[in-house]
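We will stop at a few places in turn.

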Amino acid sequence: MNNVNLKINVKELLLYIILFFPISSILKVYIGPLNLVLTGLCLVLITYYYTNIRGMNIKERWLLFYVWIIIVVNCAICKFKFFNINMLFYYPFFIIYFSFFIKEQDYIYDFLNKHKKYVDIILLSWCSMVFISLFIPSCYRYEGETRAFVSFAGTTFLLTPIAMYIFALLIIQYKLYKNKIYIIALILPSLCILLGSTRTYLVGLMCAWLIFIYLIMRNKKRFFITLSVSSVLFIMIVLNSPIKNKFIDTSNRTELGLDPLNAFTSGRSVFWKYDMQVLLKQPWYKIIFGNGNNYLFYLNDAKFKVPLWAHNDFLQLFSDYGILGELIYLFVVNLAIKSIMGKNKSFLLRIIVYLMWIFIAFFNMFYTYFCMTLAFPFYLLVIKKDNYIDVSEEKRR
């Protein structure tokens, strides 16, 4: 009995922490190491869960082994002097979190179902902060040429992944409890993206809305028509929102003589090309296993006088963890989509899910934006449980 209770407590504690990240990710602006401590605690708890409680199959053993190997190796390569200490944890946490979610997806759904008040407190707290900040002038800042809403997070690039996470939790709460207040609340995370300065998350937001629309449709066969109409409507909303200025700024760059690709990617295509050329000329063992977390920062700093990371999952992983890390990343994402979402869902819905991941991963980064990593499996989970939730609702009636 003690062993059973311990197992439940470890998993519950993990989920309490994971669901708290939308709040802690704003608080970390004022309490610097907060998220780093919580991330480290999650890594330890999940490792303890696997090794002492649940046990592991061969696949999970290798993934967990790889996670701790890359942490140790990166500490050795960087000699504990990290340009960004968070980079040490982002990828390992991504692997171990997705693995845990895959294994415990049913337990996680049951937890959400049994802890409505806790989830509601998280949602109410976050929505209240964002709503209040909409009326505070200091919560709007210029990021490049564009004035953006940053709320208390201080930057669009922190606020928008949190908004995507909140959006996923709101969808789940609505599907579970059918309270229209959750639909109304979807306006707030949407505004965070529409009033921001990152075009990448517009695609993520559109995918999130399309997933929600699919979930509330009774006749799923009409999804293609609804998708077409919704996409046009979404584009019209974007063109009438403040983020349209970001597209105008991009257009102005081309008129000043900047290469169209360079203008569209905000200059990223320039260092992407340079980084790939350098990385492909490395010794074979670095191509396979990578260079460690500091390498790309110093490579770009030497060339462009700015210590840039890749702004692209695939390039960053290739640099840090080599082809091996790249393959494991692709394996884990695909395993999550197939295992959690299920195989019998709409082909169009599957495309939308992949688009959400790939677009953000390619043009902004996915695994290094913590709340986006946390959010993605929740979108998959509510899709999987869609039919089950609707059947349960009918029984309650």
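Select D275 and what surrounds it: D275 touches L296, L299, N300 and L315, leaving out residues up to four places away in sequence. Touching, or contact, means heavy atoms within 4.5 Å.

Before moving on, note that this is a predicted model: local features need pLDDT of at least 70, side-chain atom pairs count only at pLDDT 80 or more, and totals for chains, interfaces and linings use all residues. Residues are numbered from 1 along each chain as its sequence is written, and side-chain values use heavy atoms, without hydrogens and water.

Now show helix α14 (residues 268–279), where D275 is found. Helices are DSSP runs (H or I, at least four residues), numbered from the N terminus. D275 is buried yet has no salt bridge. Buried means under 20% relative accessible area, exposed over 50%, and partly exposed in between (1.4 Å probe, protein chains only). A salt bridge needs a side-chain nitrogen of Lys or Arg within 4 Å of a carboxyl oxygen of Asp or Glu. Which side chain of opposite charge is nearest to D275? Select K303, 9.5 Å away. Lys and Arg count as positive, Asp and Glu as negative; His and the chain ends are not counted.

Next, select A336 in helix α17 (residues 313–341). A336 has a relative accessible area of 1%, so it counts as buried.

Last stop: I69, in helix α3 (residues 58–78). I69 is partly exposed, at 35% relative accessible area.

Conventions: Helices (H or I, at least four residues) and strands (E, at least two) are DSSP runs, numbered from the N terminus.
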